[in-house]
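Here is a short briefing for a reader who is new to this structure. Take a look at the model before reading on.

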Amino acid sequence: MINESKYQKSCKYCHKPFLDLSGKTSCEVDDDDSAYCGTDDYGNLEFGASFDSGCVNKNEYVKIKYCPMCGRKLEDKI
């Protein structure tokens, strides 16, 4: 990585444990009746919602270049 600040190197939103943008961990947002929005080190922003009724379960992925929380440039890994 190029010239990352200490804050960027330790950002938990774009490094493991990949916190949801709400500050919840992935196991907390996987519960029924929740909406989520989070990123990963590959430049994917995932957002969606799932509800206990089972009739609504939608998620989307969008490629982004920078972490929305710390501004770190995300890798375009394949």
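Glu 4 sits in the segment before helix H1. Glu 4 is buried, with a relative accessible area of 14%. The model is a predicted one. The protein chain holds 2 helices and 3 strands, and buried residues make up 28% of its 78 residues.

**Glu 4 and its partner**

- Setting aside neighbours within four places in sequence, Glu 4 is in contact with Lys 9, His 15 and Arg 72.
- The side chains of Glu 4 and Arg 72 make a polar contact at 3.5 Å.
- That pair also forms a salt bridge, at 3.5 Å from N to O. Distant parts of the chain are linked by this pair: Glu 4 comes before helix H1 (6-9), Arg 72 comes after strand S3 (57-63), and 68 residues separate them.
- How many salt bridges are there in the count? The count comes to 1 salt bridge.
- Are Glu 4 and Arg 72 buried or exposed? Both Glu 4 and Arg 72 are buried.

**Arg 72**

- Arg 72 lies in the segment after S3.
- Arg 72 counts as buried because its relative accessible area is 1%, and the cut-off for buried is under 20%.
- The side chain of Arg 72 has a polar contact with the side chain of His 15, at 3.3 Å. His 15 is also one of the residues in contact with Glu 4.

**Overall layout**

- Starting from the N terminus, the order of elements is α-α-β-β-β.
- The accessible surface of the protein chain is about 5,500 Å². Carbon and sulfur atoms account for 53% of that surface.

**The hairpin of S1 and S2**

- Strand S1 covers residues 34-39 and strand S2 covers residues 44-50. The two run antiparallel, joined by 6 bridges.
- Together S1 and S2 make a hairpin, with 4 residues between them.
- Which residue in the turn has a positive phi? Gly 43 does, with a phi of about 85 degrees.
- Cys 37 is placed opposite Phe 47 of S2.
- Cys 37 is partly exposed, at a relative accessible area of 23%.

**Gly 48 in S2**

- Gly 48 belongs to strand S2.
- Why does Gly 48 count as buried? Gly 48 counts as buried because its relative accessibility is 17%, and the cut-off is under 20%.
- Beyond neighbours within four places in sequence, Gly 48 is in contact with Ser 34, Ala 35, Tyr 36, Lys 58 and Asn 59.
- Gly 48 and Lys 58 are 10 residues apart in sequence. Their C-alpha atoms are 5.3 Å apart in space.

**Cysteines**

- A disulfide is a covalent bond between the sulfur atoms of two cysteines.
- How many disulfides are there in the count? The count comes to 0 disulfides.
- The closest cysteine sulfur to that of Cys 70 is in Cys 11, 3.8 Å away. That is too far for a bond, because a disulfide needs the sulfur atoms within 2.5 Å.
- Cys 70 is buried, with a relative accessible area of 13%.

**The loop between H1 and H2**

- Ser 10 is in the loop between H1 and H2. Lys 12 lies in the loop between H1 and helix H2 (26-29).
- Ser 10 is partly exposed, at 47% relative accessibility.
- Ser 10 is 60 residues from Cys 70 in sequence. In space, they are 9.5 Å apart, C-alpha to C-alpha.
- Lys 12 is partly exposed, with a relative accessible area of 48%.
- Apart from neighbours within four places in sequence, Lys 12 is in contact with Pro 17, Phe 18 and Leu 19.
- Lys 12 and Thr 25 are 13 residues apart in sequence. Their C-alpha atoms are 9.5 Å apart.

Technical notes: Residues numbered from 1 in each chain as written. Predicted model: local features only at pLDDT ≥ 70, side-chain atom pairs only at ≥ 80, totals over all residues. Heavy atoms only, no water. Pairing = 2+ DSSP bridges. Salt bridge = Lys/Arg side-chain N within 4 Å of Asp/Glu carboxyl O. Buried < 20%, exposed > 50% of the residue type's maximum accessible area, 1.4 Å probe, protein only. Areas by Shrake-Rupley, 256 points an atom, 1.4 Å probe, with all protein chains shown as cover. Contact = heavy atoms within 4.5 Å. Polar contact = N/O pair within 3.5 Å; in protein donor to acceptor, adjacent residues only side chain to side chain.
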